[in-house]
Every structure is written in structure tokens, then in C-alpha cells.
Amino acid sequence: ARQLSRRHQVTVLTTGREREVETLSPSLTVVSAPGWLLPDPVNYVISPALLWRVARFIRRERPDLVLVSKFMFFTSLSVLVARAMGRPVIVVTDTYPGINWFPRNRAVAAVMWLYARLVGIPLLRAADKVVLLHEGLQEVARRYGLDHEVIHNGTDLAEADAASAAADLPKVAGEVWIGYVGRLESVKGYDFLLRASAVVRVRHPQVRTFFVGASVPRGARAPEGVRFLGFRRDVYAVLKLMDVFCLPSLSEGLPNALMEAMSVGCACVASRVGGVEWLIEDEKNGLLVAPGDVAGLRAALERLVVDVSLRERLG
């Protein structure tokens, strides 16, 4: 949205933000509606108010284009609202939840499988165009007869290059920092990183593990050598302090967090899932491990902690 707003007038309609209306620039406004979150492992927000605000906005502003992010969220029902009101709609997706992306909970996965076919795919077919973020999604698009086009996603390299290391995070000489950016959801496999890095820290006390964008899980305490930094607006600045970035997800689309880490030169370890394989070639610009393989994750992290030259080359 920030990048689009450099050339266009953009209004983002979403849920869950603290402020109902936030003007980020003269050409970018964010409007947030209240909703009810069905927590992990469902991670689904129900917000009828959002659909009402979409309809009100379309009626008042007559936007030239309605762009919908993903096709499985409640917000994706905006496709039907926009089409009914005569506005062109593009759906952008980096994966197909319920088809090639599943949560860890089998019951939720089964519901998602059915939801994708009863709701998700019809929404994609109702769009004027489906934009896929990498070529690995084309086979499914052809299977379901979607009018699609591939447009690669990316990061703002100028912003990444301009960022300076976060001043509020002092780093002691000799320490090796491992970072994670993302939500604390079971599908993200953050607990695999906690377990793997705990073993690494026993063998290599100079290692520290940081979770960005995530708070300490309810009822838990951060182990020694682990910090939960919560939500940060200066992700590039934090990543510039990290020696290693880890994304141990069980399912992924085309992860922005991984692209951001790669763009500032972190050596990356990630699960071999989804669009990750379109970003990382194993041993060439990162290390890939099997999803859910804690021993393999530990071994990959330990290689990068010990081998400085490998860490620098992959970064």
C-alpha cells in the first residue's frame, strides 16, 4: 500500500488496528473495522462491519480498482461486495490455504479444505483477475480455471539500504544473534526455533534469539538468551543486527519476512515449504530444512553460528 500510494490515492480497509482511521500520508489512509478473532489454530477474524464499510466506501468514492489481499479471510468477501457494485476486482495471493497451505491442527485443516472449495475458489473465479506472487502457484490456477497472472512480490530495497541498526538493542562483541519475524501462530513453527536454539545456546553461550512482531506466549516466560521484542515499525533496523534469520514454518506463501531478511544480508534458514523454495536455493543463498525437523533446524543454525565464512557467503 505504501508503494502504491506513491502514484495513486490508496485507502486500506482492514480489521484489528488500534485506531479506526489513520492517515499515513496525503495519499494513504487506513480504515479499521472491529471484529472477533477466532484464535490459533483457526486465526480467522469475523467482521461484518468491514463489509459494510467497504460498501459505504465504494458508494462514496467510486474507486477505480478494488484490490483484495488473499482469498480465505473474511475480508475476502469484499470481492462479492465490489462486484455487486460494479467495481473491477483483483485478488492477490501468495498461496492457496486449504489446497497447498494447511495449519497444524487436523480438524481446522479439514474445515479449511472444505471452505476453500465452497467459498475460496468461487471468490477467485469471481475476480476480474487473480495475481499470483510466484510461478509455483500457476498449476493450481490452471486446475481451477482462474484468470491469472504472475507478478513477483518484493521488498523496498531503498528502505532496506537506508536503515541503520536499531540503537536500542545493544550488541556485545562476539555475540551471534538469531532472529525471527512474524506472528506467534502454531503454523509458523516458532516453537521449533525455541527448541532448536535452546540446544544451540547450551553449546554456544554467545548465541541470542530474538522474536520480532511477537510477544511472549500467554503463561510463558522468555528463557535466558531469548527476547520477545513485540511489534516493531523498524524491522529493517532490527534485522541489520541479526547474523542469522530463521523461518521454521510448516506452511508458507511467499514470506515477506524472509525477503526482508535476505535484502539486508542475513544468512537465512527456512523450511522447505511454499514459496520459500522460489526464494532460497539450498547452500547457495540460504539453508533449507524439512518442515518440523527440529534436529535438522538445530544443525543448520549451529553450522551458521560456527562457520563465519559460510554465514557471510550465504548472507
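Reader: Which residues does Trp 101 touch, not counting those up to four places away in sequence?

Author: Trp 101 touches Thr 95, Tyr 96, Met 112, Val 187, Ser 251, Glu 252 and Gly 253, not counting residues up to four places away in sequence; contact means heavy atoms within 4.5 Å. This is a predicted model, in which local features need pLDDT of at least 70 and side-chain atom pairs count only at pLDDT 80 or more, while totals for chains, interfaces and linings use all residues. Residues are numbered from 1 along each chain as its sequence is written, and side-chain values use heavy atoms, with hydrogens and water left out.

Reader: And where does Trp 101 lie?

Author: Trp 101 is in the loop between strand 7 (89-93) and helix 3 (106-126). Helices (H or I, at least four residues) and strands (E, at least two) are DSSP runs, numbered from the N terminus.

Reader: Is Trp 101 buried or exposed?

Author: Trp 101 counts as buried because its relative accessibility is 17%. Buried means under 20% relative accessible area, exposed over 50%, and partly exposed in between (1.4 Å probe, protein chains only).

Reader: Glu 252 was on that list. Which side chain makes a polar contact with the side chain of Glu 252?

Author: The side chain of Ser 249 does, at 2.8 Å. A polar contact is a pair of N or O atoms within 3.5 Å; within protein, one must be able to donate a hydrogen and the other to accept it, and residues adjacent in sequence count only if both atoms are side-chain atoms. Ser 249 is in the loop between strand 13 (244-247) and helix 8 (256-263), and Ser 249 is buried, with a relative accessible area of 1%.

Reader: New topic: how many aromatic pairs are there in the whole structure?

Author: A search of the whole structure finds five. One of them joins Phe 71 and Tyr 96: the ring centres are 6.1 Å apart and the planes are at 65°, so the pair is edge-to-face. Rings of Phe, Tyr and Trp (its six-membered ring) pair if their centres lie within 6.5 Å; planes under 30 degrees apart count as stacked, over 60 as edge-to-face and the rest as tilted.

Reader: What is the relative accessible area of Tyr 96?

Author: Tyr 96 is buried, with a value of 0%. Another aromatic pair, Phe 211 with Phe 228, is stacked, at 4.8 Å centre to centre and 15° between the planes.

Reader: Which residues form one aromatic cluster?

Author: Tyr 180, Phe 211 and Phe 228 form one.
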